[in-house]
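I opened this notebook to record what I looked up in the structure.

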Amino acid sequence: MEIRPTRSDDIPAIEAIFDSARRYMRLTGNMEQWNDGYPDAGSVAADMERGVSYVMENSEGKVVATFAFIPGEEPTYREIAGRWLSDRPYCTVHRIASDGSARGVLSRCVKWGFDRADSIRIDTHADNRPMRAALAECGFTECGVIHLLNGDERIAFQKDISTL
């Protein structure tokens with residue numbers, strides 16, 4: 001799979017990927033994450049404007065996954081009930097989702113990310129068991145609980161090259 005910056009013409013495919021991811025979350029018992037239409041085209045457009053939105057294409061050039069890869073401090077990570085692995089500069093992965101047709105999306109994203117950063121943080125809902133398992137499989141450590149700007153809790157993870 002190839003990773004490239006998101007283009008405007010990718011947005012319909014990304015919206016379909018988000019819909020597919022929401023359905024999968026509900027099927028696997030995660031009823032709370034990504035409600036009320038979030039994320040949406042506006043989220044993608046904002047990420048594109050900041051230069052942090054990416055897609056994965058399969059060998060036929062079809063967009064099969066999307067994510068935001070954001071360098072710098074994530075405001076909701078300033079306070080954690082727990083402890084980060086390190087305080088080194090990091091990048092954050094947000095809004096990662098797949099259409100379900102490709103395997104290893106998170107693994108590919110993480111490998112790509114570590115070509116650009118030495119530390120990656122990510123969070124997910126406690127009920128997102130498939131994502132939590134995938135993060136563990138990719139070598140992430142559960143670090144504690146953070147709170148989103150709206151107060152919702154998320155389980156926070158980090159993988160840092162200096163701690164391997």
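**Strand pairing**

I looked up the partners of β3 and found that β3 and β5 pair in the antiparallel sense over six bridges. Strands are DSSP runs of E with at least two residues, helices are runs of H or I with at least four, and both are numbered from the N terminus. Two strands count as paired if DSSP finds at least two bridges between them. I noted that the model is predicted, with pLDDT of at least 70 needed for local features and 80 or more for side-chain atom pairs, while totals for chains, interfaces and linings use all residues. Residues are numbered from 1 along each chain as its sequence is written, and side-chain values use heavy atoms, without hydrogens and water.

On β2 (residues 53-57), I found antiparallel pairing with β3 over five bridges; S53 stands opposite A68 in β3. These two strands form a hairpin with five residues between them, and G61 in the turn has a positive phi of about 85°.

I checked the cover of β3 (residues 63-71): eight of its nine residues are buried (under 20% relative accessible area, 1.4 Å probe, protein chains only).

**Largest pocket**

I recorded about 1400 Å³ of space in the largest pocket. Of its 48 lining residues, M25, W34, I96, N128 and M131 are the closest to its centre. A pocket is an open set of points on a 1 Å grid over the protein atoms alone where a 1.4 Å probe fits, with protein on both sides within 12 Å along at least five of seven lines; lining residues have an atom within 4 Å of a point. The volume is the space filled by probe spheres set on the points. I noted that β5 gives the most to the lining, with seven residues.

Conventions. Buried < 20%, exposed > 50% of the residue type's maximum accessible area, 1.4 Å probe, protein only.
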